[in-house]
Amino acid sequence: MVAIHPEGHLVGDRRGLARRTSWVLAALLLVAAYASLAVGASGVSLPAALADLLAGREIDARARIILLDIRLPRLLTGMMVGASLAVAGAVLQGLFRNPLADPGLVGVSAGAGLGAISAIVLGGLLPGGLAGLLGSALMPVLAFAGSWLSVSLLYVIATRGGHTSVATMLLGGIALAAMTAAFSGLLIYMADDQQLRDLTFWSLGSLAGASWSKTLAAAPLMLAALLTAPALSRGLNALALGEAAAHHLGIPVQRLKTGAIVVVAAAVGAATAISGGIGFVGIVVPHLLRLATGPDHRALLVNSGVLGASLLLLADVVSRSIVAPSELPIGIVTAVIGGPFFLWILLRRRGSLEI
Amino acid sequence: MRLATCRRLTLTALLVLPLLPAPSRAEEPQRIVSIGGSVTEIVYALGEEDRLVARDTTSTYPPEVAALPDIGYIRQLSPEGVLSVNPTLVLTEEGAGPPEAVELLKEASIEFVEIPEGYDRAAVLTKIRRVSEVLGVPEKGEQLASDVAAALDDAGRIVGEESSGTPPRRVLFVLSMQGGRVMAGGANTAADGIIRLAGGVNAVAGFDGYKPLSDEAIIEAAPDVILMMARGGDLAVSDEALFSHPAIASTPAGETRAVLRIDGMKLLGFGPRTAEAATELAHALAGG
């Protein structure tokens with residue numbers, strides 16, 4: 001990746017480097033966004049359509065549907081989902097001071113999974129009127145409700161006398177995930193073959209269902225979370241020294257924790273609800289940037305968002321063109337490309353890991 | 001001057017056109033995406049396969065269908081993928097999705113027809129008639145439907161004739177046997193439907209769908225015949241593996257080593273080959 005500079009491991013002020021990296025990442029995002037609009041199974045050409053538009057000619061209906069109703073909502077969804085997952089990962093790793101932290105740890109993913117499975121398996125049992133009202137929104141809504149419910153429950157468990165214990169939250173998260181998995185297992189037992197296939201596909205993630213209605217419904221939450229996240233960066237920097245030290249530095253530690261958890265739940269809940277289980281982005285993107293530009297959250301959170309968005313868009317371009325006219329679930333692409341790449345970075349820079 | 005001539009010519013053409021015989025099939029969809037194994041089989045059985053431009057993952061019969069581009073799994077359609085083959089009609093089994101994709105295809109003014117699913121005689125015939133209507137070849141459909149109906153009647157008679165008076169034979173459909181765990185087909189499944197068509201009784205009709213069966217439930221079910229899909233590779237279950245299963249070995253089917261394997265799509269697809277599958281099963285029931 002362009003973001004890795006050989007001098008990255010030098011000790012010292014790396015704010016200049018982080019700023020330069022931001023520019024490179026912004027350029028990468030533009031390239032990815034263009035590719036996302038220009039590449040697809042059909043031969044519709046973006047430059048040709050743009051030329052028609054500028055010349056005042058009518059774009060034909062098929063091209064318009066493909067560009068405006070299929071690729072454009074997909075581009076926006078991909079950007080927001082990628083940014084949300086990466087930023088949530090960075091925030092959680094900072095909050096837990098644990099390099100392995102990802103949304104799975106605070107029960108978000110498990111809760112969202114349970115919600116989605118419930119929608120797939122039990123959706124048919126809803127009374128006709130209610131099912132008609134929710135329609136295809138049932139799954140995203142339940143996935144989101146599931147993730148919020150499990151995060152709130154965990155937060156309540158870990159908070160005593162106005163103090164949230166991060167350790168209790170980690171361990172409680174594991175217990176909660178086990179219980180959620182049991183419920184999911186029960187529903188899987190009840191599911192028929194078709195529902196099982198739906199579940200499998202859901203867990204591999206996809207942006208294929210991106211439509212304007214879904215994108216617009218999930219956008220406010222993800223955008224709010226993404227715009228709030230940078231406000232956490234000073235606090236997370238101080239927290240790296242430990243809770244007591246952060247407190248003495250004048251950081252309102254409890255408010256920081258609550259804020260971080262709300263941001264993560266909103267971002268990941270909404271992202272998972274509209275795109276299914278997309279792994280790897282939340283853990284790899286922040287680590288790549290820490291290796292490149294250091295652990296300062298002021299640069300890290302913003303850069304993570306931009307890199308996460310770019311990577312997910314590029315992965316989506318691969319997922320929709322590699323087996324065209326069919327589509328490969330995007331979770332497979334992110335794991336196949338990202339896993340080995342991350343491992344390579346790790347092996348190359350074993351000595352300079354900073355978390 | 002020239003413009004006027006042109007207009008006159010056009011007018012003449014418009015007046016004459018209705019008098020000429022209409023070009024056959026001008027109105028019928030010529031570029032079809034067929035989604036769902038049974039629907040694709042019906043299109044082939046009607047001899048209309050020239051109009052297919054793409055298929056889905058479950059369309060695997062007849063073998064030449066593999067030459068068509070695969071647009072993915074029926075419930076995970078990619079709207080752009082479908083649009084990329086320029087179809088005029090999408091013909092699909094029940095349950096195509098996701099809903100957003102279907103919505104977009106309809107918006108792109110592509111005709112979208114869902115063929116209702118079902119696991120009995122009437123359902124097969126309805127599917128054939130419906131597909132033939134949509135393709136604009138109802139006579140061919142009627143012919144195929146009556147052929148299939150006659151073959152199904154024949155299959156139903158086999159058991160009746162050869163074993164009148166004896167209680168109906170019990171059939172256990174085994175979907176898989178991973179790690180010795182038997183997955184069986186209960187009520188409201190295609191397996192249940194084909195067993196009925198062949199004149200048998202599903203040995204485990206107490207639950208819906210495909211579920212793992214405990215050893216005791218297998219013994220309790222007391223099947224006379226085991227029915228399976230013919231499969232290769234890891235999923236293949238040899239006679240030895242099947243009948244060395246302690247519970248299955250102690251059933252009537254285990255004692256007589258009565259097992260029948262039929263190609264999965266033919267057995268469970270509920271398309272034109274259903275009569276063939278029912279006949280094979282009926283012979284096994286009558287002969288065993």
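Which residues of chain A does the UniProt annotation "transmembrane region" cover? The entry is unreviewed and lists 23-54, 75-96, 108-126, 133-157, 169-189, 260-288, 300-322 and 328-347. UniProt positions follow the numbering used here, feature names are shortened, and annotations may be inferred rather than shown by experiment.

The model is predicted: local features need pLDDT of at least 70, side-chain atom pairs count only at pLDDT 80 or more, and totals for chains, interfaces and linings use all residues. Residues are numbered from 1 along each chain as its sequence is written, while chains are lettered from A and ligands numbered from 1 in the order in which they are written.

**Exercise 1.** Describe residues 169-189 and 300-322 of chain A by helix content and end separation.

*Solution.* Take 169-189 of chain A: 100% helix, 0% strand, end C-alpha atoms 30 Å apart. Then take 300-322 of chain A: 96% helix, 0% strand, ends 32 Å apart. Helices (H or I, at least four residues) and strands (E, at least two) are DSSP runs, numbered from the N terminus.

**Exercise 2.** Characterise the packing of α13(A) and α15(A).

*Solution.* Step one: the axes of α13 (281-293) and α15 (330-348) of chain A come within 11 Å and cross at roughly 30°. Axes are lines fitted to C-alpha atoms, for helices over the stretch in contact; angles run from 0 to 180 degrees between N-to-C directions. Step two: this angle makes α13(A) roughly parallel to α15(A) (under 35 degrees; over 145 is roughly antiparallel, 65 to 115 roughly perpendicular, the rest oblique). Step three: α13(A) contributes Val281(A), Val284(A), Leu288(A) and Leu291(A), and α15(A) contributes Thr334(A), Gly338(A), Phe342(A) and Ile345(A). Contact means C-beta atoms, placed from the backbone, within 7 Å. Step four: the classes are 6 nonpolar, 2 polar and no charged. Ala, Val, Leu, Ile, Met, Phe, Trp, Tyr, Cys and Pro count as nonpolar; Asp, Glu, Lys and Arg as charged; the others, Gly among them, as polar.

**Exercise 3.** Work out the strand order and edges of the open sheet in chain B.

*Solution.* The order of the 4 strands is β2-β1-β3-β4, with parallel pairing (at least two DSSP bridges per pair). β2 (52-55) and β4 (111-115) of chain B each have a single partner strand, so one side of each lacks a neighbour in the sheet. Twist averages 20° from one strand to the next. Between β3 (89-93) and β4 of chain B there are 5 bridges. Leu89(B) faces Glu111(B) in β4(B).

Notes
Contact = placed C-beta atoms within 7 Å.
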